[in-house]
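Here are some exercises to work through with the structure open beside you. Try each one before reading its solution.

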Amino acid sequence: MFAADIAFSDLKAPVDIVGGSLSLGSSRITPFAHRMLRSLVIETGTTISVACMERFRDDPQGLDHIRLNDRRAIAERLDDIRSHLLDWALLTLDRVDGTISYETSQIHSAPVYLRAASGRLAIDWDCTRLLRDTQAPIHWPGLMAHIAGLAPYTPETLVTGLYRSLAGARLVARGQSIEAHLPAPAEMPGAQTLSQGASAENLLFDTVKALLAARDVDPRQLAVELSGGMDSALVGLAAADIWGTGLLSYGAQFDGAMGDAQRERRQLLCDHCGFEDIALPASRFLPFSPRGARRGQFGVWPQDESYPEIFETIFDLLYRAGIDTLVSGFGGDELYAVYLGEEPDDDGESPPERHAYLTEHGRELAREGAGAGLRGLVADTSWLSAAGRSQRLLRRGIWPIYPYINPVLARFTASLPWEYRRDRTVLRRLLSERLGNPVFEKSYVKESFRDVALRGIIEHRDYLQAMLLRSPIFDPEMIHRDRLLAALAGDIEALPSADFGFLFLILTTGCFFDGHEAE
């Protein structure tokens, strides 16, 4: 929630606030300015603490600056920040021990990236600005784990020396080093028994509604992400129930029989909720296209969503329509925990490794990079995806709300009896009841990005082959470049699903590190 450039030598300098930024010596700290957020500067004789918090409806706006010397008053203020029930981040400059720390809440929609060098700490919610005009050495264990689909949610990133803030964690910078203090692992609640007469469907709906309604949302400036899938359907229903008809919705529209089914579900939701809808054809915004964000170095974080090309365009439209907040079903796929022994074919063994394009050394590094990360109630993949796309939203002044990426909802769904969690039965039933139509329960055809990804690779094959040959990530000791080139030159449509997924992941990662100028 901040952009900052701080010299450790400035920690004892006096603080001035000019135009929403803090100035001390040659250092600057700028909280992200947004109607949904508020900022508070707490200055004491020994510390400067800058908090940025998501607002409840009755919270004040803007930036406040207070000076305190009473220890109890300071502790109470900091406790208030750390107990805030929505998203918050706290940046603390310790003038005594010479450290800078960054800690966050368990709800963490917009991470920052940190890099220490030459006596300064750079912090930014946009990692591209931190990497521009500087070296970006590859963190090989992290990169191999990412390519192998094993990336954990950790403060280390794919770039050596570049760190990312984590939900509930505290990062401490001292000189050239940054160390992480992670929260204690969260224990899953296990399947519980519902109280007699309780409706799991109503409880799920009311919980999602409460998480959305807590914020100070202006319906005229809100957009609802509507994919045609189950997760966005629930979020859309809850949003319409809170803020009424006339909300703006948006989504990518796919082709073929899958696209027809998707279109019917989206129309069902638009009719029921009264959405004003924007749907762009996904086939017009192919991956790796010359004008897409992937063609620029550091343009799309490798752990971002699969189709930034179309969402870059959609978010531009939202910005021009005056939208500053969106609600999304991000993280819904990972919400329904499965405990050991619940699946009939679950023998408790890990699936075999299938990384066709990694050498044995690459696999070893992947296992090293897949070490323990944050063990919370929310799935790692949810946090990583939300972190990847947050920069694109904040660049356009849009604040994201992800009700599914929340430990409160994650604990609730993880405690439901298996018959409700299995195949997301509770969600399917809820949608049937609310919509008066069993399409999500009886004839659901899930949308897939594969056909669009195939076209993107095939139509831009020449660019991708050239990128493979020059990219720094394709070290022959770790990646079988010959196999990649053969797969890329061959019948891509015939690739097994797992191999195609690895190929796409490697190509998108290669684009991020590709320093070649886009044509």
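**Exercise 1.** How many residues of the lining of the largest cavity are nonpolar, how many polar and how many charged?

*Solution.* Keep in mind that this is a predicted model.

Step 1: Find the cavities. A search of the whole structure turns up two cavities of 30 Å³ or more, and the largest cavity has a volume of about 60 Å³.

Step 2: List the lining. Around the largest cavity you will find Cys127, Thr128, Phe298, Gly299, Val300, Trp301, Asp304, Gly388, Gln391, Arg392 and Arg395.

Step 3: Sort by class. Gly counts as polar here, and the lining divides into four nonpolar, four polar and three charged residues.

Step 4: Look at the elements. Helix H2 (127-131) and helix H9 (380-395) are those that give two or more residues to this lining. H9 gives the most, with four residues.

**Exercise 2.** Which residues line the second largest cavity, and how do they divide into nonpolar, polar and charged?

*Solution.* Step 1: Note the volume, which is about 30 Å³ for the second largest cavity.

Step 1: Name the lining: Ile147, Ala148, His355, Ala356, Tyr357, Leu358, Phe502 and Ile506.

Step 2: Sort these residues. Seven are nonpolar, one is polar and none is charged.

**Exercise 3.** Are helices H4 and H10 roughly parallel or antiparallel to each other?

*Solution.* Step 1: Locate H4 at residues 200-213 and H10 at residues 407-414. The two pack at an angle of about 175°, and their axes are 10 Å apart.

Step 1: Apply the cut-off. Angles over 145 degrees count as roughly antiparallel, and H4 and H10 are therefore roughly antiparallel to each other.

Step 2: Find the contact. H4 brings Ala200, Leu203, Leu204, Thr207, Val208 and Leu211, while H10 brings Leu409, Phe412 and Thr413. By class, this contact of H4 with H10 has seven nonpolar, two polar and no charged residues.

**Exercise 4.** How is H4 placed relative to helix H12, and at what angle do they pack?

*Solution.* Step 1: Find H12 at residues 425-435; H4 and H12 pack at an angle of about 85°, with axes 9 Å apart.

Step 1: Name the arrangement. That angle makes H4 roughly perpendicular to H12.

Step 2: Find the contact. On the H4 side are Ala200, Glu201, Asn202, Leu204 and Phe205, and on the H12 side are Val426, Leu427, Arg429, Leu430, Glu433 and Arg434. Six of the residues in the contact of H4 with H12 are nonpolar, one is polar and four are charged.

**Exercise 5.** Which residues lie nearest the centre of the second largest pocket?

*Solution.* Step 1: Begin with the space in this pocket, about 250 Å³.

Step 1: Turn to the lining. There are 19 lining residues, and His84, Leu85, Leu86, Ile107 and Val408 lie nearest the centre. H4 and H10 are the elements that give two or more residues to the lining.

Step 2: Sort by class: ten nonpolar, seven polar and two charged residues.

**Exercise 6.** Why is the pair of tyrosine 250 and phenylalanine 311 called edge-to-face?

*Solution.* The structure holds 17 aromatic pairs.

Step 1: Consider the rings of tyrosine 250 and phenylalanine 311. Their centres are 6.3 Å apart and their planes stand at 80°, so the pair is edge-to-face.

How values were computed: Residues numbered from 1 in each chain as written. Predicted model: local features only at pLDDT ≥ 70, side-chain atom pairs only at ≥ 80, totals over all residues. Heavy atoms only, no water. Axes fitted to C-alpha atoms, helices over the stretch in contact; angles between N-to-C directions. Parallel < 35°, antiparallel > 145°, perpendicular 65-115°, else oblique. Contact = heavy atoms within 4.5 Å. 1 Å grid on protein atoms, 1.4 Å probe; cavity = no way out; pocket = protein on both sides within 12 Å on 5 of 7 lines; lining within 4 Å. Points joined across faces, edges and corners; volume = space filled by probe spheres on them. Phe/Tyr/Trp six-rings, centres within 6.5 Å; stacked < 30°, edge-to-face > 60°.
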